[in-house]
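Here is a short tour to read with the model open beside you. We begin with a single residue and then widen the view.

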Amino acid sequence: IFIDVNMPRINGMICLQEIKKIGRISHVPVYMYSTGMNARDGQKALQLGAADYIIKPASISTLSAVLKKILN
């Protein structure tokens, strides 16, 4: 599951917390991402159960490499 930290209707961190409460999917890896995420937000995401956090890269090739690494 990929969640943007800055979603319009619900904060991504709150969404992460709600996903982790659902027993049948709580084991599914959740990756948080944002253009404006800092290390403190990333650490909070990890503490809430995210598999990792991603700062959105500027280039599609870099994004592709990040996604390949996650999916392998």
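Let's start with aspartate 4, which sits in strand 1, the stretch covering residues 2-4. Keep in mind that you are looking at a predicted model. Is aspartate 4 buried or exposed? Its relative accessibility is 16%, so aspartate 4 counts as buried, the cut-off for buried being under 20%.

Which polar partners does the side chain of aspartate 4 have? One is a backbone atom: the nitrogen of asparagine 6 lies 3.0 Å from a polar atom of the aspartate 4 side chain. Another is a side chain, that of lysine 56, joined to the side chain of aspartate 4 by a polar contact of 3.1 Å.

The side chain of serine 34 makes a polar contact of 3.0 Å with the side chain of asparagine 6. Beyond neighbours within four places in sequence, serine 34 is in contact with Asp4, Val5, Asn6, Ile54, Ile55 and Lys56.

Two residues to look at next are valine 5 and methionine 7. Valine 5 is in the loop that links strand 1 to helix 1, and methionine 7 is found in the loop between strand 1 and helix 1 too, with helix 1 spanning 12-21.

How accessible is valine 5? At 9% relative accessibility, valine 5 counts as buried. Its contacts, leaving aside neighbours within four places in sequence, are Asn11, Gly12, Met32, Tyr33, Ser34 and Met37. For tyrosine 33, the C-alpha atom is separated from that of valine 5 by 6.0 Å, although the two residues are 28 apart along the chain.

Methionine 7, at 28% relative accessibility, counts as partly exposed. With neighbours within four places set aside, methionine 7 is in contact with Gly12 and Cys15. Valine 28 is 21 residues from methionine 7 along the chain, and their C-alpha atoms are separated by 20 Å.

## The whole chain

Stepping back, the protein has 3 helices and 3 strands, and their order along the sequence is β-α-β-α-β-α. What radius of gyration would a compact globule of 72 residues have? The value would be near 11 Å, and the protein has 12 Å, which agrees. Along the principal axes, the C-alpha trace spans about 35 × 25 × 20 Å.

Of the 72 residues, 24% are buried. Taking contacts between residues at least 6 apart in sequence, 40% join residues at least 24 apart.

## Surface and charge

The protein exposes about 5,000 Å², and 56% of that comes from carbon and sulfur atoms. As for charge, there are 9 positive and 4 negative side chains, and the centres of the two sets lie 4 Å apart.

Notes
Residues numbered from 1 in each chain as written. Predicted model: local features only at pLDDT ≥ 70, side-chain atom pairs only at ≥ 80, totals over all residues. Heavy atoms only, no water. Helix = DSSP H or I, 4+ residues; strand = E, 2+ residues; numbered from the N terminus. Buried < 20%, exposed > 50% of the residue type's maximum accessible area, 1.4 Å probe, protein only. Polar contact = N/O pair within 3.5 Å; in protein donor to acceptor, adjacent residues only side chain to side chain. Rg over C-alpha atoms; globule rule 2.2 N^0.38 Å. Contact = heavy atoms within 4.5 Å. Areas by Shrake-Rupley, 256 points an atom, 1.4 Å probe, with all protein chains shown as cover. Lys, Arg positive; Asp, Glu negative; His and termini not counted. Charge placed at Lys NZ, Arg CZ, Asp CG, Glu CD.
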